[in-house]
Amino acid sequence: MNKRQIWIVGEGLFAEAVSERLEADFELVRLQNSQALDLSGAKPGVVLSLSDRRDPDWEMNIQRETRAHGVPYLRAYLYVDRGFLGPWSFAEQEGCLQCAEIRMRNVHPNKPIWNAVSKAQQSESYRVAPKLWTVPFLDWFGELIAEELESFAAGRTLRFTQAVYAGYDGNLKGQIHHFLAHPQCPECSVVPDDSPELAEVRIESRLKSDPRSYRLPNPKLNRENLRKEFYDWRMGLIHHLYRETYSKFIPITGAELPLETENHTEIGFGRTVTFNDSELTSILEALERYAGMIPRGRKTVNFGSYQEFREHAIHPPQLGIHDPAQRAEPGFRYHPYDDDLKVGWVWAYSWRQQKSVLIPEQMVYYRLSQTTPDQPPVNRFVYETSNGCAMGGSLEEAIYYGLMEVIERDAFLVAWYNRLPLTEIDLEGVKDQNILLVKDRVEAMGYRLHLFDMTMESGIPSIWATLINPAEDAGVKTYTAAGAHADPEKAIMGAMVEVVTSMPIYEISLTPKRDEAEAMVNDPTLVQTMEDHVLLYSHPDTLPRYDFLFGEGRQVKSVRDLYANWYENTPPKDFSAELTDLMDRLLEHHQDILIIDETPPELEPLGIRAVKVIVQGMLTMSFGHQFRRIVMERVQQAPVTMGYRKEPIAPEEINLQPHPFP
């Protein structure tokens, strides 16, 4: 293969200008269109496409031909007032033109405009219209292309592998935008089919850097690497990073993750004591959501009913689904479940059985949708959230933090449904002085901060935090959050940070909605979304719903008395041993622990793992009162186990007011 032989596909002003620049240094063969490209015989060193318009379908035809015959392909085109160069497409390598198009379109702030302009450029009127690009702009792009082709011929590093250069006619300046191969790319994806072998979980020994540290060493996992790998305003998985200006107490940053199938953006938030650490946390939270929305690391291949898969499947009602009576409630829009309903199934790892089992795909991934007619319908029968989704610098760490979230939310719901008189926590004696600093700041602003212990049988410290604005004209009366961690101070800080950072923001956005909140006070069926739960408890008339926490004679204990084991004993140095001990302890009270590796391929280079953890028998958080998922045995037995009640609560006494969890 002669690396200096270039086959140029395309016609027009751009093709003429670039060909003129290249002909002195390369052996050129000119082809006017992709139909003339035949690589079944002689092959060039490179196929280069040049177009006066954006035409991805045309380019995709060229890519398929070049990839089929192992010929490198580089594309360039002009688009309104700018030009785009790259990416390279190599046979049997991920990160192709289609990946670039998906990433670029996904980040565009207005997809209808993107589609309209793209369509307009396919018209005959655009093709024949005069092109007004300047000679310096055309010369400049010709030079960029020549330099890249010289690098290819000489075997040097290429600039535009999984990267696109965007340059502007007005100022002759540009920027390289790196992108990640897309796991759902129909042209180059090599994501494997889901299988029981891939679902197996093998816990490896992991030593902590310190017995009281629960984040394992991972030198790749830092803010600089996360920015480099995932952030780009034109093509990044995350396209916008910002600092929240409304936080009064703690630095907050946001990481915006545009969704592929919706005109919507998910935001990961970081709340720590510094902006840099908050940014790192916000990126990780956004990536965690990315991992949990739809399957990206494996292709779902099992579709059918429970009756068809029962030999290997968990019966969905055992995982906690909706009471059939809820179908009559306003806003409930899911299919009734029966064992003949056809749905997708994915492999999970059963910790009790130590083998892979099938569970409904929709109980793992919470944003599933049927995006093309040839896909099987989702047939959603249950509401699912990111409950139990977590990431870590290793599989073991991800599983641990997935368990923490499940434990936290289960404890909160048990306490809420039973109106448990939780013990209030006196923070005197905490080691982390940031906790006292935040508390003092909040109380100096006139708020009342209350922290309660809601630890259940796992023994993991679990914290309920409620922030109250006592002012008569309070825009938001209360805000509630929770935290769970082996280190009680980490659990306390996690819950505190959530309430003190969120309250000032919601005071701005929810105050004008007081009439809506008042309607929800009188009619709980109006609480239809996650935001509605926060709006409801912004109303002062909901404050009495917390009376069970503030009854006369309620217990108040110091943090060191409540969590004496943490302060008096040193945890194991072996993180994995502590994790397996926790899981075995949970199995003493619950049916099973199911672990699903959700890691998208984009996260693997940094050693990041993402999982979903389901503790079979625990309560899962839901939003929208019509979507509550009450596991009656858990609601009734947990307070008895923990000594709050002598007898299980009667079903008619359960607190069915919408919960205040955000």
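A charge is taken to sit over a ring if NZ of Lys or CZ of Arg is within 6 Å of the ring centre and within 35 degrees of the ring normal. In this predicted model, local features need pLDDT of at least 70, side-chain atom pairs count only at pLDDT 80 or more, and totals for chains, interfaces and linings use all residues. Residues are numbered from 1 along each chain as its sequence is written, and side-chain values use heavy atoms, without hydrogens and water.

Arg215 lies over the face of Tyr401, 3.7 Å from the ring centre, and Arg243 lies over the face of Phe275 at 4.2 Å.

Aromatic rings also meet one another. Rings of Phe, Tyr and Trp (its six-membered ring) pair if their centres lie within 6.5 Å, with planes under 30 degrees apart counted as stacked, over 60 as edge-to-face and the rest as tilted. The structure holds 34 aromatic pairs. Helices (H or I, at least four residues) are DSSP runs, as are strands (E, at least two), numbered from the N terminus. Both Phe14 and Phe141 are buried, where buried means under 20% relative accessible area, exposed over 50% and partly exposed in between (1.4 Å probe, protein chains only).

Strand E9 (residues 252-258) is mostly covered, with seven of its seven residues buried.
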